[in-house]
Amino acid sequence: MNLELCVDKIQWEQVIAHVPLRQLSFLHAWEWGELQRAYGRTVYRFLVRDGQVDSAAVLCIVIPLPLGKSYVFSPHGPACTAAGADM
């Protein structure tokens, strides 16, 4: 498995479209990351790849803290596709 940075909205949405509804949240949406970016936060989107199959999508938001510190938040964790459900 490989973790790859995703900068393509269409590719992200294609992976999210294969996530079972019971696991899906609006917090996995591309637009949620863009809203966080508008608030000045750094946003990373990663795809988990197993060969040629995208098995999960992970949205990571860097939240700044006082004293120059920060933490990374992934709302609702990775969104696993049916192919990645047994991860």
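This is a predicted model: local features need pLDDT of at least 70, side-chain atom pairs count only at pLDDT 80 or more; totals for chains, interfaces and linings use all residues.
Local features were considered at pLDDT of at least 70 and side-chain atom pairs only at pLDDT 80 or more, whereas totals for chains, interfaces and linings use all residues. Residues are numbered from 1 along each chain as its sequence is written, and side-chain values use heavy atoms, with hydrogens and water left out.

Secondary structure follows DSSP runs, with helices (H or I) of at least four residues and strands (E) of at least two, numbered from the N terminus. Helix H2 spans residues 30-38. Trp30, Gly33 and Gln36 are buried in H2, where buried means under 20% relative accessible area, exposed over 50% and partly exposed in between, with a 1.4 Å probe and protein chains only. These three residues lie on the same side of H2, because they cover an arc of only 120 degrees around the axis. The arc is that of the directions from the helix axis to the C-beta atoms. Contact here means heavy atoms within 4.5 Å.

Gln36 illustrates this packing. Its place is in helix H2. The relative accessible area of Gln36 is 6%, so the residue is buried. Leaving aside neighbours within four places in sequence, Gln36 is in contact with Arg41, Val43 and Ile61. Just after H2, Gly40 adopts a positive phi of about 90 degrees.

Ile61 also features in strand pairing. It stands opposite Phe73 in E4. Strands E3 and E4 pair in the antiparallel sense over 4 bridges; pairing requires that DSSP finds at least two bridges between two strands. The two strands form a hairpin with 5 residues between them. Leu67 lies in this loop between E3 and strand E4 (70-73).

Most residues other than glycine have a negative phi. Leu67 is exposed, because its relative accessible area is 83%. His76 likewise has a positive phi, near 60 degrees. His76 is placed in the loop between E4 and strand E5 (79-80). At 57% relative accessibility, His76 is exposed.

The structure holds 6 salt bridges. A salt bridge is a side-chain nitrogen of Lys or Arg within 4 Å of a carboxyl oxygen of Asp or Glu. Lys9 takes part in two of the pairs described here. One partner is Glu13, with the closest N and O atoms 3.9 Å apart. Lys9 and Glu13 both lie in helix H1, 4 residues apart, about one turn of the helix. Glu13 is partly exposed at 36% relative accessibility. Lys9 is partly exposed as well, with a relative accessible area of 34%. The other partner is Glu31, with the closest N and O atoms 3.0 Å apart. Glu31 lies in helix H2 and Lys9 in helix H1, so this pair ties together parts that are 22 residues apart in sequence. Glu31 counts as partly exposed at 42% relative accessibility.

A further pair lies within H2. Glu34 forms a salt bridge with Arg37, the closest N and O atoms being 3.5 Å apart. About one helical turn separates Glu34 and Arg37, because they are 3 residues apart in helix H2. Glu34 is partly exposed, with a relative accessible area of 32%. Arg37 is partly exposed at 38%. Elsewhere, salt bridges that share partners join Glu4, Arg49 and Asp54 into one network.

The surface also carries a nonpolar patch. It is formed by Leu5, Val7 and Tyr44, with about 320 Å² of accessible area together. Patches are made of residues with over 30% relative accessible area and no salt bridge; like charges are joined within 9 Å, and nonpolar side chains (Val, Leu, Ile, Met, Phe, Trp, Tyr) within 5 Å. Accessible areas come from the Shrake-Rupley method with a 1.4 Å probe, and for residues only the protein chains shown count as cover. Leu5 belongs to strand E1 (residues 2-5). Leu5 is exposed, with a relative accessible area of 51%.
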